[in-house]
Amino acid sequence: MFFKSDEGKPAAKKRNVPLLPLRDIIVFPHMVSQLFVGRERSISALDAAMARDKEIFLAAQKNAKTNDPGPEDIFQVGTLGTVMQLVRLPDGTVKVLVEGKRRAKIKRFAQTDEHFVVEVDEVSEPVAKGVEVEALMRSVQAAFEMYVKLNKKVQPEVLMTVQSIDDAARLSDTMVANLPTVKLSDRQELLEMEEPLKRLEKLHELMQAEIEILQVEKKIRSRVKKQMEKTQKEYYLNEQMQAIQKELGGGDRDEFKNEIQEIEEQLKSKQISKEAFAKVKKELKKLKLMHPTSAEATVVRNYIDWILGLPWQEKSEETYDLAKAESVLDEDHYGLKKIKERILEYLAVQALTRKLKGPVLCLVGPPGVGKTSLAKSIARATGRKFQRLSLGGVRDEAEIRGHRRTYIGAMPGKIVQSLKKVGTNNPVFLLDEIDKMSTDFRGDPAAALLEVLDPEQNESFNDHYLDLDYDLSDVMFITTANSLGSIPGPLQDRMEIVQLSGYTEYEKMNIATKYLVPRQKVLNGLGEFPVTLTENAIRTIIHHYTREAGVRSLEREIASVCRKVARQVVVSGKPVSPDAPAIEIIARSIPEYLGVPKFQSNRKEERDEVGLTNGLSVTNSGGGELLACEVTVVPGKGKLVITGLLEKGMEESAQAAMSYVRSRATVLRLDPDFYQKTDVHVHFPEFIRKDGPSAGITMATSLASAFTKIPVRRDLAMTGELTLRGRVLPIGGLKEKLLAAHRAGISTVIVPRENRKDLREVPRRVLKTTRIVLVEHMDDVLREALVASAADDSLGSTRERWEYIGGELVVRHPALRPSSPAHVSTNDVAATTLPLQPSVPTSTGNA
Ligand SMILES: Nc1ncnc2c1ncn2[C@@H]1O[C@H](COP(=O)(O)OP(=O)(O)OP(=O)(O)O)[C@@H](O)[C@H]1O
Ligand SMILES: [Mg+2]
C-alpha cells in the first residue's frame, strides 16, 4: 500500500459523480485500494467514470449483504476518488485500483437507472494546528508504535510513514487505513467526523482498547506456551522413565496393579476392626497414586501388610476341662504341687467367667526350676498357642510399643510382632524375665507393660506404629522373673505372684529319672534303646557336675551323656533296637562321659578350720549358695582389709563384726588391745554375690575364731545380720539358703530367730534332716559355731535356746539346762574344756 499526495489539485465544490457502492471496505482519503467489482451496475459506474475524468464517488453500503442497493441503503458520507487502473478479467469481472481524495457527502441521487450518479458536496475540513494538536498527534503516534509492536500483522515500515506525517487530518486517515482491527462501523464513524482533532481522539481511544486486548492476549499466549512446555516436558520425562524401567526389569506396573488387587481382595475376605478397615482403605488410596518403586510406596505397603497380617479374629479353640489340664501339668512336671493347684484354681475361675479379667500370673524363682516350661504346659492344657517374648535387656518403651510411622524404618513393637508371629489372638503369651527390663532416657518399658497387663486397659492397646486399637483382652499373659526385687511396684500390683523355689536333691533325682532322662533319650535318638542311668550315676551328676537350684545344668549334663552314648552306639554298629544289649551307666563311669568332676559335692571342709566359716547367700539369679568367709590375722597396726567380689555395705558389715568382737574381748580371753597389734584380712573366695548384711554373723564368727584360734565347725552354716551390739537381725531368702545348705550336706544351720515364720515354706525333707538353731544374739552363734566355745555361762547362757530338730521346735530354758540330754550338742561337752569367765555380764544391753 502506498499513499499519494493530492496537494495542488483544486477541487470542484459541487458536481455530479458516478457512485460505486462498497460492500465491506471503506476507502479513506490518501488511501489506495484494490477492489474487485462484479455487479453490472457497478461496472457501468466505473465505465462512466473512465469515460469522463476518472473521478468516482466511493460510499459504503449500510449492509454488505445487500445485492442491489437502493439510495437508502447507502451511507451519505463517502470519499471522492480516482480510478488509477482498471483491468477486465476473463470471467467478466473487473479489478480496479482506486485512490481516495477527499471526503464528500451525497446531496441527491441524480440518476439511478444504469448506475447511480450522485450530486455531492465536498466536505471542507478545518485546519488543525496548535500545541494541543501537536500533543495529541504525538501520543497517537506513540500509541500506534505500541500497537505495531504488539500486533505482528502491521508492517514496520508503516510506522515510519506514520511518524513522518505532520498534518493531523492526514495522520488520522492514514492510520485508520493501517489499523486492520478497527470495525467497519467505527471506520464509517471516523469517516463522517469532519474535525481531524475529533478523529484523532477517537482513534487514540480505539487504539488504547486494542492495545489492552493485545497485551492480555500476549500474556495468555505466553502462559499457554509455558504450560504446554511443562506438560510436554513431563510427558517426555515420564515416557523416558518408563522406558528405563522397562529396560531394568519391566512389568513393575503390572505387578504393582496385581499387588493392589491382592490387597483389596484380602481386605474383603479378612475380618478386621472397623478402624483398621478404614485405615487400610485410606492407605490403599494413597498407594495407588504412588510410584511402585518409590520409598513411600514401600512404607505404605509395609504398614498395610502389618495390619492385614495381625490375627484379628483368628482364635484357637480354648478348652476349660480342668481334669485334662491337671493331667497335662502332671505329665510335664514333677512335684510343684502347690503351684499346680494355684494354676488350676486360676484356670477354674476362667472356666466360670470365660474371661481373663483376673490378675496376670507371675512365676518367680531361680533359674531352671521350670517357669518357662510351666507356662508352655498351661498353653497345652488350655488349648492355646504359646508365644514367648523375652524382656531381658529391653530398655526402650518403643521396643514394646513400636515407633511412630514418621520415623525412618519404624516397626511395630514386640507385642504386635509376636502376635503376628503366633497368628491367633488368644495365645498364652509369656513375658519372660520381666525383672531384667531396665529403664533409660528413651522411656520406661515397664510403663508400656502396665497397659498391656491391665485387663481394664488392654482391650484397646495402641501400638505407636499401627496407631489403632488392638484388643489384647483374650491373650493370656504370664510373666516370669528370677527375683521380685527388680520388678517395679506398680507392675507387681497387677500380677499374682507364684513363688517357685529350688529343688532338693530328692526332687532332682525324681525329676531326672521320670522326666529328664526319658526326654533326653528320645531327643538323642535313644528312645527305643535300652540305656539306663543308675540312681547313683544321677546322684553323681547332681553332686559333682552341677551346682544349681533348678535342673537346667542337670538336664544339659544328662543330654551330654546321651549324646556320647549315641555316638558309641553308632560307632560300634550296634542296632538301635529294644533287643540290643542294654547299656547301663553307673556312677563310676560318669567321668568317662562328662570329664573331671566340676564340683566337690560335699562342700564342707575336710576338717574344722580356724577363721573359716560357712555363710549362706542368695545369688542374683535367685538360687541359694554356700558362701565361705575366711579371716586371717597377721601382726600389724590394726588395719581391716576386705577382699573378694563385694557388694556395697560389706565394709560396714565387717566393721560392725569387728566392733562386736572387740566388745567381747574379755569373754573370748583376748588382750584388751589385741586388735592394735594385728592386721585383719577378711576374704570371700567364692565368686558369687555377697549380700553384705546377711553375712554379718559369718564374718563375726570367722573373726572371733581367728583371734581366739578356736576352729569353726565345718558341718555348720549360718546367715544373719549383725548390729554393733551383737543383735542378730532377720534376713531374706531363707528357703533358698536352707536348700543350699541341704544340698551341701550341712547338718546345722544358724538362723535369726525372727525368720522363724519363714520355716513354714521350707520342704519337710530339709527340716527333717537339718538342725536349725534360731538365734537372737551373736553370743548364741559363737557358742554354737566354735568347736571349743567359751563357756555357756559367759556367752548368752541366760537366754533360751531355740532349735528345730527333726522338724520339731525344742526350746530349752537356761534354768533347766542340761535337762534334755538327747539334744545336748558337742558344744556342751566342749564347754567343759574351757575355763569359766564368771565376771562377764550375761546381757550385752540389747535385750
Ligand atoms: N518339676 C519339673 N519337672 C520336670 N521337668 C522340670 C521341672 N522343673 C524344671 N524342669 C525342666 O527343667 C528345664 C528348665 O526349666 P525352665 O526353662 O522352665 O526354667 P526357668 O524356670 O524358666 O528358668 P529361667 O529362670 O532360667 O528362665 C526344662 O526343660 C524343664 O522342663
Ligand atoms: Mg525361663
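Modeller: Buried means under 20% relative accessible area, exposed means over 50%, and partly exposed lies in between, with a 1.4 Å probe and protein chains only. This is a predicted model: local features need pLDDT of at least 70, side-chain atom pairs count only at pLDDT 80 or more, and totals for chains, interfaces and linings use all residues. Residues are numbered from 1 along each chain as its sequence is written, chains are lettered from A and ligands numbered from 1 in the order in which they are written, and side-chain values use heavy atoms, leaving out hydrogens and water.

Now the pairs. A search of the whole structure finds 7 aromatic pairs. One of them joins phenylalanine 144 and tyrosine 147, stacked at 6.4 Å centre to centre with 20° between the planes. Rings of Phe, Tyr and Trp (its six-membered ring) pair if their centres lie within 6.5 Å; planes under 30 degrees apart count as stacked, over 60 as edge-to-face and the rest as tilted. Phenylalanine 144 and tyrosine 147 both lie in helix H2 (residues 131-150), 3 residues apart, about one turn of the helix. Helices (H or I, at least four residues) and strands (E, at least two) are DSSP runs, numbered from the N terminus. Both phenylalanine 144 and tyrosine 147 are buried.

Back to tyrosine 303 and tyrosine 465. They pair edge-to-face, 5.7 Å centre to centre, with 65° between the planes. This pair links distant parts of the chain, 162 residues apart. Tyrosine 303 is in helix H9 (residues 295-309), and tyrosine 465 is in the loop between strand S10 (461-462) and strand S11 (469-470).
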